[in-house]
Amino acid sequence: MAKAAPTESFLLVAGIDFGTTFSGYAYSFKNDPMKIQTNQGWNAGSEKLISFKTPTCVLVNPNKQFDSFGFDAENKYVDLADDKEHTGWLLFRWFKMILHNNEVFSFASLSIN
């Protein structure tokens, strides 16, 4: 097991809410821990909706490589489908609970560049 670095070396604390339906994050820097930063908003499909959370979904290209996450993944897949270019692309949604059982689902063959 790796030994934790002394707390003096940490510059920030980050929290990730990897949810079943939506995900988000927050962080604060060591020099101002009460000033908590969050994403200023993701743009949804029509880009008229701004949310602090984004859908927990992943878009994988035909080469099984990570392409995008959240609203970006949904928006790109819709654009591909509208242009009938979505064949081979994979949009994964509502997969969080499946990740708890490594025998059922694995991203081992997925390359993230």
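## Salt bridges

Asp 67 and Lys 76 form a salt bridge in which the closest N and O atoms are 3.0 Å apart; the term denotes a side-chain nitrogen of Lys or Arg within 4 Å of a carboxyl oxygen of Asp or Glu. Asp 67 is partly exposed, with a relative accessible area of 27%, and Lys 76 is partly exposed as well, at 32%. Here buried means under 20% relative accessible area, exposed means over 50%, and partly exposed lies in between (1.4 Å probe, protein chains only).

The model is predicted: local features need pLDDT of at least 70, side-chain atom pairs count only at pLDDT 80 or more, and totals for chains, interfaces and linings use all residues. Residues are numbered from 1 along each chain as its sequence is written, and side-chain values use heavy atoms, with hydrogens and water left out.

The structure holds 3 salt bridges. One of them joins Glu 74 to Arg 93, with the closest N and O atoms 2.9 Å apart. This pair links distant parts of the chain, since Glu 74 belongs to helix α1 (residues 71-82) and Arg 93 to strand β9, 19 residues apart. Helices (H or I, at least four residues) and strands (E, at least two) are DSSP runs, numbered from the N terminus. Glu 74 is buried, at 16% relative accessible area, whereas Arg 93 is partly exposed, at 38%.

Asp 17 forms a salt bridge with Lys 53, and their closest N and O atoms are 2.4 Å apart. Because Asp 17 lies in strand β1 and Lys 53 in the loop between β5 (50-51) and β6 (54-55), the pair ties together parts that are 36 residues apart in sequence. Asp 17 is partly exposed, with a relative accessible area of 34%; for Lys 53 the value is 34%, which also counts as partly exposed.

## An open sheet

An open sheet is formed by 3 strands in the order β8-β7-β9, with antiparallel pairing. Two strands pair if DSSP finds at least two bridges between them. β8 (66-69) and β9 (90-93) stand at the edges with a single partner strand each, so one side of each has no neighbour in the sheet.

Strand β7 (residues 57-60) is joined to β8 by 3 bridges, and the two run antiparallel. Within β8, Ser 68 is the bridge partner of Leu 59.

Leu 11 lies in the segment before β1 (12-18). Leu 11 is exposed, with a relative accessible area of 67%.
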